[in-house]
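Please report on the structure shown here.

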Amino acid sequence: MTTHVTIIGAGLGGLTLARVLHVNGIPATVYEAEPSPMARLQGGMLDIHDYNGQLALQAADLMDEFRAIILEGRQATRVLDRDGTVLMDEPDDGTGSRPEVQRGELRQILLDSLPAGTVRWGHKVSGTRTLDDGRHEVTFADGGIVVTNLLVGADGAWSRVRPLLSDATPEYFGRSFVETYLYDSETRHPTSAKTVGSGSLFVLASDSGASGKWIGAHRESGETLHAYMTLAKPLDWFDGIDFTDAAAATARIAAEFEGWAPEITALITDSDTAPMVRPLNSLPIGHRWDRVPGATLVGDAAHLSPPDGEGANLAMQDGAELGQAVAAHPDDIEAALTAYEAALFPRSAAAATAAVATNDAIGQDLIGFFTPDEQTA
Ligand SMILES: Cc1cc2nc3c(=O)[nH]c(=O)nc-3n(C[C@H](O)[C@H](O)[C@H](O)COP(=O)(O)OP(=O)(O)OC[C@H]3O[C@@H](n4cnc5c(N)ncnc54)[C@H](O)[C@@H]3O)c2cc1C
């Protein structure tokens, strides 16, 4: 009998899994809380790495579609000191191994590659439990229920499937991003466009290292500048800011960067959107679980870590490897899940350790982070 896989969550991890299952002739249904593919802005640019995300796209047989959405020139990197001094300025010479794409476009090529009806939108999972016969029951917010032999939680940080496997819950990492967007930058924000350059910008005050305070920005498609101010503050500090009052919130966040060059703080003060706070959470490093028959996790649900440019890549790699494991053991779900998790756990532990180290390093010694060879020479 063919396994039918029930996947919760239509993020990059769940969709890559569904696609790799599909190319291997295995049916799946993806239940997604959002009401439609367009329900939420899938903002953000992702660099897709040749050692994980691109391997997943190969397994999904979607490399041509991927190449078609690459944003040329976006692998350029600039590093500035807070007074605007250019410390590093590396152009995109076309030889990089981490091409940038828009998250929404990547998600769309995965959605387009699945048989119609694979994703059931507007299905928010409210709970899961294991039945006496070992199968898993999934309950939706509207009262609907499905029962499945193979349940995969691809439902991100606050997974409703994870409690079947583990008691772990994400904890605040001690830092938050505050995000802003500047649209049509070449015409409306030319100074900011020049400051960010054609790819990524990183700015750190050389004397603010211990505070973990820095600014990152990307030039996304359509000349949109997407900036994120990183602040190492407790959650109640952010709770004290009324983010519904855009002007007041902008002024409060900008005050944290007082004395920084105006072309840099313009990424805050000239924003076309109200600043948006995004607390960074993580699961314990080395999060793992004992084998539970017929259930497993992929992506952030399994190993949420502070952002270091790997999370989406890892979610796709998890999805692809799980799909391949199920295809390799079509009549033995437990053999498939055991093989998948044997690779997942050490990979996730190493990645989480690296993510914490990267966040510490980038918050303390940005130049050393980007030029380690020169620092040790
Ligand atoms: C600010 C920020 C910047 C980042 N930048 C990068 C980057 O540059 N590169 C990179 O590789 N990674 C980056 N990451 C990490 C990356 O976004 C995540 O690791 C990645 O999205 C995880 O994919 P996923 O499929 O596991 O989960 P998600 O993308 O979170 O998808 C989960 C899906 O499950 C759905 N869902 C949730 N709950 C339920 C429910 N109860 N019922 C049904 N559906 C549900 C959600 O609606 C969502 O569609 C960044 C993260 C943050 C916070």
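## Ligand shell

The ligand is surrounded by 31 residues. G9, G11, G156, G299 and G311 are the closest. A residue counts as near a molecule if its C-beta atom, placed from the backbone, lies within 6 Å of it. By class, the shell holds 13 nonpolar, 10 polar and eight charged residues. Here Ala, Val, Leu, Ile, Met, Phe, Trp, Tyr, Cys and Pro count as nonpolar, Asp, Glu, Lys and Arg as charged, and the others, Gly among them, as polar.

Three helices each supply at least two shell residues: α1 (12-23), α10 (300-303) and α11 (311-328). The most come from α11, with four residues. Helices (H or I, at least four residues) and strands (E, at least two) are DSSP runs, numbered from the N terminus.

## Basis of the model

This is a predicted model: local features need pLDDT of at least 70, side-chain atom pairs count only at pLDDT 80 or more, and totals for chains, interfaces and linings use all residues. Residues are numbered from 1 along each chain as its sequence is written.

## Annotated binding site

An unreviewed UniProt entry carries the annotation "binding site" for D47, R103 and D300. UniProt positions follow the numbering used here, feature names are shortened, and annotations may be inferred rather than shown by experiment.

D47 sits in strand β3 (residues 45-47). D47 counts as buried because it has 21 C-beta neighbours inside 10 Å. The cut-offs, for C-beta atoms placed from the backbone, are 20 or more others within 10 Å for buried, 12 or fewer for exposed, and partly exposed in between. Beyond four places in sequence, D47 contacts R98, P99, E100 and G309; contact means C-beta atoms, placed from the backbone, within 7 Å.

D300 lies in helix α10. D300 is also buried, with 28 other C-beta atoms within 10 Å. Leaving aside neighbours within four places in sequence, D300 contacts G156, A157, G311 and A315.

Strands β4 (residues 77-81) and β5 (residues 86-90) pair in the antiparallel sense over four bridges. Pairing requires at least two DSSP bridges between the strands. T77 has E90 in β5 as its bridge partner. Four residues lie between the strands, and G84 takes a positive phi near 95° in this hairpin.

Most residues other than glycine have a negative phi. D61 has a positive phi near 60°. D61 belongs to the loop between α2 (53-59) and α3 (63-69). It is partly exposed, with 13 other C-beta atoms within 10 Å.

D184 has a positive phi of about 45°. Its loop runs between β12 (171-182) and α5 (185-188). D184 is partly exposed, with 13 other C-beta atoms within 10 Å.

Notes:
Two residues are in contact if their C-beta atoms, placed from the backbone, lie within 7 Å.
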